[in-house]
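Here is a note for someone opening this structure for the first time. Please read the points with the structure beside you.

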Amino acid sequence: MRSSPSSTIVIATRESRLALWQAEHVQALLAQRGHSVELLGMTTRGDQILDRSLSKVGGKGLFVKELEAALEDGRADIAVHSLKDVPMDLPYGFVLACVLEREDPRDAFVSPHYASLDALPQGAVVGTSSLRRSVLLKALRPDLDIQPLRGNLDTRLRKLDEGQFAAIVLAAAGLKRLGLADRIRDVFTQDRMLPAAGQGALGIEVRSDRADLLALLAPLAHQQTTLATAAERAVSRAMGGSCSMPLAAHAHWADGALQLRAAWGDQDREGALVRAEVAGPVDGPAAAEALGLRVAEALQAGGARKAG
Ligand SMILES: NCc1[nH]cc(CCC(=O)O)c1CC(=O)O
C-alpha cells in the first residue's frame with residue numbers, strides 16, 4: 001500500500017539516469033501546477049538483461065511491465081516513458097494520458113576520434129544494438145562492422161571510451177537530457193538516418209480508469225508532438241512493429257502539414273531498404289492515424305513485409 005496521502009502523485013520510474021531525469025522533468029512540470037509528486041524507483045527486466053540483444057528476449061515491453069504492475073496495484077499513479085520504448089498497443093486497462101513536447105528526434109554520431117560517419121576508416125567497428133540503426137548504417141556504409149552495444153547511456157559511452165568501438169550511434173535526445181551534448185560529433189539528417197517512431201518524445205501512462213489523472217495530465221500534452229508521434233506509431237502498428245523489425249518512422253510539420261516518412265530494412269537482403277513518404281493536413285488523431293496507414297501501405301507496396 002502507498003503511504004503517501006492520496007493527493008500526492010506517485011511516478012513509477014526506472015532507475016537509469018535518463019529515466020530519472022525524465023521522471024524528474026514530469027515531476028517539475030506537475031509541481032509548477034501545484035501538485036505534489038513523489039518518485040518510486042524500480043528495476044525492470046529490460047534493465048537486468050544486459051548480455052543479450054533486446055530483440056531476442058521479448059522486446060520493448062520489458063521496460064514497461066514492472067511499471068504497469070505498480071500502477072495496477074496502486075503503488076504508483078503514473079509512469080513516464082521514452083515513447084520509443086512504449087509498445088504500439090498497451091495492455092488492456094492502460095492508456096497514454098499524454099505525449100510531451102519532443103526533444104531532438106535525431107540520431108547522433110559519437111566518437112572520440114572521428115568527426116562523422118563519412119570520416120570512419122574502412123571496416124571500422126560501430127556499436128549499436130538497434131536493428132533500425134544497423135540497417136540504416138549498412139545502407140550508408142556497407143563496409144562497417146556493426147557490433148552490439150547494450151546498457152544505459154553511461155555504460156555505452158564508457159565502452160566507446162575504452163576503445164571497443166570506433167564510434168557509436170545514440171539518440172541525441174538522451175545525450176542532451178543528461179548534459180552530454182558535447183559528446184555529439186555529428187547528427188544524422190533524416191534522409192540519412194530516419195529516427196524510430198516516437199524517438200525523443202516522452203509519454204505518460206496511466207490506468208484507463210483514472211479519469212482524475214487523465215484530466216490532470218491533459219494540460220501537459222503538446223499537440224504537434226502528439227499528432228506527429230501518433231502518425232509514426234500508426235506506421236509501426238500497421239507493420240506489426242516491434243523492436244525485432246528494422247523500421248523507422250518520423251513525422252515533422254512543414255507549412256502546416258504533417259510530413260511522414262518511413263523506412264523498412266529487409267533482413268534477408270542486407271542493405272535493401274524500402275522507403276515511403278506521405279504529407280497531408282492533420283487536424284486530429286484520426287487523420288494522424290490515417291496518414292500512418294497510408295505510409296504503411298506504401299511500404300508494403302514497395303515490398304516491405306508485416307511482422308507476425
Ligand atoms: N532504446 C533506448 C532508448 N530509449 C529512449 C532513448 C533516448 C531517446 C528518446 O527519448 O527517444 C534511448 C537511448 C537511445 O536510443 O540511444
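**Notes on the model**

1. The centres of domain 2 and domain 3, taken over C-alpha atoms, are 24 Å apart. The protein chain splits into domain 1 (1-101 + 200-221), domain 2 (107-187) and domain 3 (222-302). These bounds come from an automatic or database domain assignment.

2. A word on the source: this is a predicted model, where local features need pLDDT of at least 70, side-chain atom pairs count only at pLDDT 80 or more, and totals for chains, interfaces and linings use all residues. Residues are numbered from 1 along each chain as its sequence is written.

3. Domain 2 meets domain 3. Eight residues of domain 2 are in contact with ten residues of domain 3; contact means C-beta atoms, placed from the backbone, within 7 Å. On the domain 2 side, five of the touching residues are nonpolar, one is polar and two are charged. Ala, Val, Leu, Ile, Met, Phe, Trp, Tyr, Cys and Pro count as nonpolar, Asp, Glu, Lys and Arg as charged, and the others, Gly among them, as polar.

4. Helices (H or I, at least four residues) and strands (E, at least two) are DSSP runs, numbered from the N terminus.

5. Take Ile-168. Leaving out residues up to four places away in sequence, Ile-168 touches Val-110, Val-126, Gly-127, Thr-128, Leu-149, Arg-156 and Leu-160.

6. Now the ligand. Ser-82, Lys-84, Asp-85, Leu-170, Ala-171, Ala-173, Gly-174, Gln-199 and Gly-200 are around it, each with its C-beta atom, placed from the backbone, within 6 Å. Three of this shell are nonpolar, four polar and two charged. Domain 1 and domain 2 each supply at least three residues. β8 (167-171) and α6 (172-177) each give at least two.

7. Strand β10 (residues 202-207) pairs with β4 in the antiparallel sense over five bridges. Pairing requires at least two DSSP bridges. Val-95 stands opposite Val-206, and Cys-98 stands opposite Ile-204. Strand β3 (residues 78-82) also pairs with β10, antiparallel, over four bridges. There, Ser-82 has Leu-202 as its bridge partner. In β10, five of six residues are buried. Strand β4 (residues 94-99) also has five of its six residues buried.

8. Check Asp-255. Its phi is near 50°, a positive value in a residue other than glycine. Most residues other than glycine have a negative phi. Asp-255 sits in the loop between β11 (247-254) and β12 (257-265). Is Asp-255 buried or exposed? Asp-255 is exposed, because 7 other C-beta atoms lie within 10 Å.

Key. Two residues are in contact if their C-beta atoms, placed from the backbone, lie within 7 Å. A residue is buried if 20 or more other C-beta atoms lie within 10 Å of its own, exposed if 12 or fewer, and partly exposed in between; C-beta atoms are placed from the backbone.
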